[in-house]
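Q: Here is a model to go through term by term. Please set each value against its definition.

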Amino acid sequence: MATANIEVSETPLVLYALRRADDALILGHRLSEWCGHAPMLEEDMALSNIALDLIGQARELYSYAAKAEGGDNDEDKLAYLRDVRQYRNLLLVEQPNGDFAQTLVRQFFYSAFADLHWRAMMSSRDTTLAAIAAKSEKESAYHLRHASEWLIRLGDGTEESHTRAQAAIDHLWAFTGEMFAVDDGERALIHAGIAVDPGPLRGRWLQTLSDVAHEATLILPQNDWMQQGGRAGRHSEHLGHLLSELQSMQRTFPGLTW
Amino acid sequence: MVTVLDRDSELRRRAWDAAASVVDPEIPVLTIADLGVLREVVLAGDHVEVAITPTYSGCPAMNMIALEIELALERAGFARPKVRTVLSPAWTTDWMSEEGRQKLRAYGIAPPQASSSRRALFGEQAVACPQCGSENTELLSEFGSTSCKALWRCKSCREPFDYFKCH
């Protein structure tokens, strides 16, 4: 690896933008792995389109984080020149694609949250965050509808698709708690009217999940033990492999542009 | 003084017209003025700065559009023009001009329905076929050939068509 990692001065605002940017970039990259491999052409285009939306959201948020930091970093450096431990995304979004059901359940859990989160962020006192949210909430609404419709088809489909969808829900459930966790820095931003408090969103998130699960004849787990660590840079083994692919060009040819 | 103002407004109009002539590389019948992407043209002396607003977060056409604006302004005689992106207020398909909607329809793309509220996103959609005008249509895929479009089919004339989604 030819290029050193950058340093990021993680003020609460920088960290807040970075966490949301990392969620969007990593999930967008995961979805892009389906490009050319999805079960049908329409789905190949759908997953690639959703990936594009997410990477676009990430770009806006990285640019904002870099501006809030006020140093030499920019969107590309933040994406390409941070190592695993510097990434702040949810563990959920870095989980491998698995089968189609696992990809869709991961997307459903995240989109159901992102939809509520962006809508709440539209009334942030920070005008840039509010503007990014105003665009992202419509995109998330489309993503949620897409994932919900698929989940109903998989759950209420064949025995095979039902079994796989239920297995994906059971497998990914423990990664959902992290979406609603808040640290002290973020708590202060919430009080200042800048950040969204995710805690109160959990009830509506659960309602969306149970409505869709009911129609899909799927069951949401009752256990509430949750895995955490992504927000603080403690990741599963999967993220490093993802980054080695995402970053390989910039690490090999520093400063490369298209 | 009056002549200075006249000269400035004339220059500004020329800059606006040059920028407004740039078309969307993916839907070349629409100019950025039709789309509502062109927000502002500011003159400082002979220097011109154009503000545009991004459409979809990940739309790859935006980089191309920014470059095309710079080239169009240079061709119109403005040295080193600058293109700035403004995020707020966020672009919506409601900003598309009526003329733009008609051009889209004539091109074979169903234009976005007015009012990009969540109701429009999730309510009953009745998208008229741009070929025959029938509302007897159905959604084939939520995500089409570009991030702004969905794929539909007309059940009357049997033609598939693109629909420019509400945003």
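**Terms and values in a predicted model**

Of the 258 residues of chain A, 46% count as buried. This is a predicted model, in which local features need pLDDT of at least 70, side-chain atom pairs count only at pLDDT 80 or more, and totals for chains, interfaces and linings use all residues. Residues are numbered from 1 along each chain as its sequence is written, while chains are lettered from A and ligands numbered from 1 in the order in which they are written.

Q: Why is A150(B) called buried?
A: A residue is buried if 20 or more other C-beta atoms lie within 10 Å of its own, exposed if 12 or fewer, and partly exposed in between, with C-beta atoms placed from the backbone. A150(B) has 23 other C-beta atoms within 10 Å, so it is buried. Of the 167 residues of chain B, 38% count as buried.

Q: Where does A150(B) lie, and what is it in contact with?
A: A150(B) lies in strand 6 (residues 149-154) of chain B; helices (H or I, at least four residues) and strands (E, at least two) are DSSP runs numbered from the N terminus. Two residues are in contact if their C-beta atoms, placed from the backbone, lie within 7 Å. Leaving aside neighbours within four places in sequence, the contacts of A150(B) are L139(B), S141(B), E142(B), F143(B), G144(B), Y163(B) and K165(B). The C-alpha atoms of A150(B) and E70(B), 80 residues apart along the chain, are separated by 31 Å.

Q: How do you know that chain A is as compact as a globular protein of its length?
A: The radius of gyration is taken over C-alpha atoms, and the globule rule is 2.2 Å times the number of residues to the power 0.38. For 258 residues the rule gives 18 Å, and the radius of gyration of chain A is 18 Å, so chain A is as compact as a globular protein of that length. Its C-alpha trace spans about 55 × 40 × 30 Å along the principal axes. Chain A has 10 helices and 0 strands.

Q: What makes a set of residues a nonpolar core, and which members touch the most others in the largest one?
A: A nonpolar core is a set of buried Ala, Val, Leu, Ile, Met, Phe, Trp, Tyr and Cys residues joined through C-beta atoms within 7 Å. In the largest, of 113 residues, A65(A), V105(A), L151(A) and A19(B) touch the most other members. Helix 2 (residues 41-69) of chain A gives the largest share of this core, 14 residues.

Q: How many residues does each chain bring to the contact between chain A and chain B?
A: Chain A brings 24 residues and chain B 17. Helix 6 of chain A supplies the largest share of the chain A side, 14 residues.
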